[in-house]
Amino acid sequence: VMCFTDAGIPMVVEGEIHRSLSDGKKPVSCISVDERYIGACAADYLLKLGSFSAYGFVPCRDAHLAALSRLRGEGFLRGFAHRKTEVRVFVPEDDWSASLERWLKSLPNPAAVFTPIDRHGREVLDVCERAGLSSPERISVLGASDDERYCLTNSPELSSITTGAEEEGYAAAAELARLMRTTG
């Protein structure tokens, strides 16, 4: 991305990690969503569903999603802080799937689990199915991103928090148009 910013071409980048590129000297802007807010919305949604015996968070296992996962996880945990409700965080061992199965089986039922992206939510539901843990009766899983490929294509369907990606795209397009008008 740095080589593009040096060219002086108007550009809009997405994500908090690129905020330093927007130094005011180059025609570069940064658009990002509040990842912690997405996690807090997940906590609020699950708490409004009713009384679960346990709440859990399964972080992303992909290294390139670590920052997003951490921020959404922080928001999720913060959403429970004032309620004095414990949230169990999954810490994987060598075999991710086997350790996730053991962890899910250890949760008091019914349990609600949040994953920061829908693809991982689908993986959690798949592990539940292989382990004989019915969903949503024993384990309710909530993802984020509202990605239809993972939410609607299997049974059970995955519930998901909308992250505002479409609105973020419109905001980025409007900002790029502004940059192009003012950089002539």
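Two residues are in contact when heavy atoms of theirs lie within 4.5 Å.

**Figure 1. The whole chain of the predicted model.** Among contacts between residues at least 6 apart in sequence, 64% join residues at least 24 apart. The chain holds seven helices and seven strands, which follow one another along the sequence as α-β-β-α-β-α-β-α-β-α-β-α-β-α. Of its 184 residues, 41% count as buried. The accessible surface of the chain comes to about 10100 Å², and carbon and sulfur atoms account for 53% of that surface.

**Figure 2. The buried residues of helix H4.** H4 covers residues 96-106. Its residues Trp96, Ser99, Leu100, Trp103 and Leu104 are buried. Viewed down the helix axis, these buried residues fall within an arc of 135°, so they line one face of H4. Their cover includes strands E3 (54-57), E4 (87-89), E5 (111-114) and E6 (139-144), along with helix H5 (118-131).

**Figure 3. The N-terminal end of H4.** Asp95 caps this end of the helix. A side-chain oxygen of Asp95 lies 3.3 Å from the backbone nitrogen of Ser97.

**Figure 4. The crossing of H4 and H5.** The axes of the two helices come within 10 Å and cross at roughly 70°. Angles of 65 to 115 degrees count as roughly perpendicular, and H4 is therefore roughly perpendicular to H5. On the H4 side, the contact is made by Trp96, Ser97, Leu100, Glu101, Leu104 and Lys105. H5 contributes Glu123, Val124, Val127, Cys128, Arg130 and Ala131. Among the H4 residues in this contact, Trp96, Leu100 and Leu104 are also buried.

Conventions:
Residues numbered from 1 in each chain as written. Predicted model: local features only at pLDDT ≥ 70, side-chain atom pairs only at ≥ 80, totals over all residues. Heavy atoms only, no water. Helix = DSSP H or I, 4+ residues; strand = E, 2+ residues; numbered from the N terminus. Buried < 20%, exposed > 50% of the residue type's maximum accessible area, 1.4 Å probe, protein only. Areas by Shrake-Rupley, 256 points an atom, 1.4 Å probe, with all protein chains shown as cover. Arc of directions from axis to C-beta. Polar contact = N/O pair within 3.5 Å; in protein donor to acceptor, adjacent residues only side chain to side chain. Axes fitted to C-alpha atoms, helices over the stretch in contact; angles between N-to-C directions. Parallel < 35°, antiparallel > 145°, perpendicular 65-115°, else oblique.
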